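User: I am new to this structure and would like to go through it step by step. Please take my questions in turn.

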Amino acid sequence: MKYRLILASLILALVLFVFPLSAQAASSSSVTNSLINKGESGKDFSGQSLIGTEFTSLKLENTNFSNADLRGAVFNGSLLEGVNLHGIDFSQGIAYLTRFKNADLSDAVFIDAMMLRSTFDQVNVTDADFTNAILDMIQVKKLCINASGVNSKTGVDTRQSLGCK
């Protein structure tokens, strides 16, 4: 009986080694599911707890997220034009391929946020905290032009958190 079990295990291991199971790849948008439906432009999410919420391939023009808790949230391939992000907590959030245009990021917290391949055009970063946030260097230089102030929640200087010279 003991030898049968060992022999069966060896045969199974040999079969899996010779004929391995195929791995299936998928894009992030097919793996993750956005909790917000398309066409949410102009909606008011101010003050809401949106921890870990995913916003994938959405146009969120003129949407109000002021003072929302967006810790660990994900913006993937989204357009945030004219969005109010004043006072949000986006700590450990991800904004990938996201366009921030004419957005208010004042007094926001972006500690440990990953914001690669995102663009920032005509945004207000007064009093924002970007401590340990990961942004493209070109975008950091663009943000440093108008960066000023100290974040009211963390007490961190905006220019210092961005590494401005």
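User: Where does S66 lie?

Analyst: This is a predicted model, in which local features need pLDDT of at least 70, side-chain atom pairs count only at pLDDT 80 or more, and totals for chains, interfaces and linings use all residues. Residues are numbered from 1 along each chain as its sequence is written, and side-chain values use heavy atoms, leaving out hydrogens and water. With strands taken as DSSP runs of E of at least two residues, and helices as runs of H or I of at least four, both numbered from the N terminus, S66 lies in the loop between β1 (54–56) and β2 (74–76).

User: Is S66 buried or exposed?

Analyst: Buried means under 20% relative accessible area, exposed over 50%, and partly exposed in between, using a 1.4 Å probe and protein chains only. The relative accessible area of S66 is 11%, so S66 is buried.

User: Which residues does T119 touch, leaving out those up to four places away in sequence?

Analyst: T119 lies in strand β7 (residues 119–121) and is partly exposed, with a relative accessible area of 27%. Counting a contact as heavy atoms within 4.5 Å, and setting aside residues up to four places away in sequence, T119 touches T98, R99, F100 and Q139.

User: What pLDDT does the chain average?

Analyst: pLDDT is the predictor's confidence in each residue, from 0 to 100. While 86% of the residues score at least 70, the chain averages a pLDDT of 88.
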